[in-house]
Amino acid sequence: MKNGIEDLRSALEFLKGKEGQLIETAVEVDPMAEISGVYRHVGAGGTVVRPTKEGPAMVFHNVKGHPQAKVAIGLLASRERVGMLLDCDPKRLGFLLKDSVKNPIPPIVIPNERAKCQEVVHLADEEGFDIRKLLPAPTNTPEDAGPYITLGMCYASNPETGESDVTIHRMCLQSKDEISIFLQPGVRHIDYFRQKAEAAGKALPISVSIGVDPAIEIASCFEPPTTPLGFDELQIAGAIRKKPVELVKCLTIDEKAIANAEYVIEGELLPNVRVREDQNSNTGKAMPEFPGYCGPANKELPVIKVKAVTTRKNPIMQTCIGPSEEHVSMAGIPTEASILGMVEKAMPGKLLNVYCASSGGGKYIAVMQFKKSVPSDEGRHRQAALLAFSAFAELKHVFLVDEDVDCFDMKDVMWAMTTRFQADIDMIPIPGVQCHPLDPSNGPEYSGHIRARGVACKAIFDCTVPFDQKERFKRAAFMEVDAEKWAEFL
């Protein structure tokens, strides 16, 4: 890559040279809710309760209770910054990822002596071992179930085939050597691997790499059908960087980890062992999730038994606020890529772009910019929306707009909805389909029409102009003045 980014440290160093993209502070901060409380005002954005804004990333150099550690937050909490870090026009990120899926570069394994993530080793059977002291894992709010790892790259393998997968899950530190992990049923491949191992009465080896190249964070958020069972998403990160991701063999388990990570947790998912997520807080809440609400604490979750924690010297803990713009980037951009790829196969050249909007947390809303070129294109744009829904159960609303509407500008999208949309003919509800369980309106308590949590209603908002009326809906044309000319007036 031209920008020289290969890990978290080089990404932060790169941002130091970009005005307004990184703030560093030596003021002491408490990881228990204060980090998020501060960053909410600096740059969280997303669906975080107002006041908040989109702003720079931050590095806290003085973390209370963790004198040797730093905490980085908000690295990807700006689409513009993601474009900088991936060396891509922010509006073309979906295309970059789509092309990277098509041209995967598999990861490679390097010798242990070259792995930066194993510069310092803490074994779980050593006296005084305690992950809560080793990791400056923060809470987002005072009501969180406990300290959470929010940006851990979980890496595990199918016990039958050896095929590996990397995904991000919310993980709560429960004791000195136990971590609970939330695996949404039927969605993530690592849960499939866990079930296979559990059925055989065996533990599943798993590594958790924290503080990595942003290309890995983005790639790890792809989902089926784009990345089916057996597809290692690290191949996508390799394609983005045009070189393989380097892995290393773990020291205490039969699994691999990301070699230049800041922290690696080595452990095993124990068979038939469950723990209550909020057993240490009893708040009934887990942590703030991407829709902007605190997720309920689960009554029983699988447990990772920690075998070791390895780190770089002077490690940097990386975290994010659940409902922040960072989640929008990580979840939304891979979804944009997947929708672009699917629709392109069905109707080449018609879908110009896709934006998974901040207001949907990167998961609930997609704005699809569609070009009707001939009369027979009428109706095909709605088919494109159905394709997106059929693939992504978490998607709730699709807004269809014409090529003269900027799909990344929600004010422009709302303008199209105001002047090119009639609810009685242009809104297409799709009731009784699988949606996302974290949407609090997707439950029987909200409506008697909802049979089970998460089985609710999707909708298409067709804000496009009928093909035979395009002339009548032409936007006012302004004089074209080139940038050098109009800049003179400033």
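I began with Val481, which I located in the loop between β23 (455-462) and α13 (483-488); helices (H or I, at least four residues) and strands (E, at least two) are DSSP runs, numbered from the N terminus. I noted that the model is predicted, that local features need pLDDT of at least 70 and side-chain atom pairs pLDDT 80 or more, while totals for chains, interfaces and linings use all residues. Residues are numbered from 1 along each chain as its sequence is written, and side-chain values use heavy atoms, without hydrogens and water.

I looked up the exposure of Val481: it counts as partly exposed because its relative accessibility is 34% (buried is under 20%, exposed over 50%, partly exposed in between; 1.4 Å probe, protein chains only).

I next examined Leu251, in the loop between β12 (246-249) and β13 (256-258). Leu251 has 41% relative accessibility and therefore counts as partly exposed. Setting aside neighbours within four places in sequence, I found Leu251 in contact (heavy atoms within 4.5 Å) with Asn112, Gln118, Val121, Glu266 and Thr310. I also recorded that Leu251 and Ala115, 136 residues apart in sequence, are 11 Å apart in space, C-alpha to C-alpha.

Strand β14 (residues 263-275) pairs with strand β11 (residues 204-210) in the antiparallel sense over seven bridges; pairing requires at least two bridges found by DSSP. In β14, Glu266 stands opposite Ser207.

I then followed β14 to strand β17 (residues 301-311), with which it pairs in the antiparallel sense over nine bridges. Here Ile265 stands opposite Val309 in β17.
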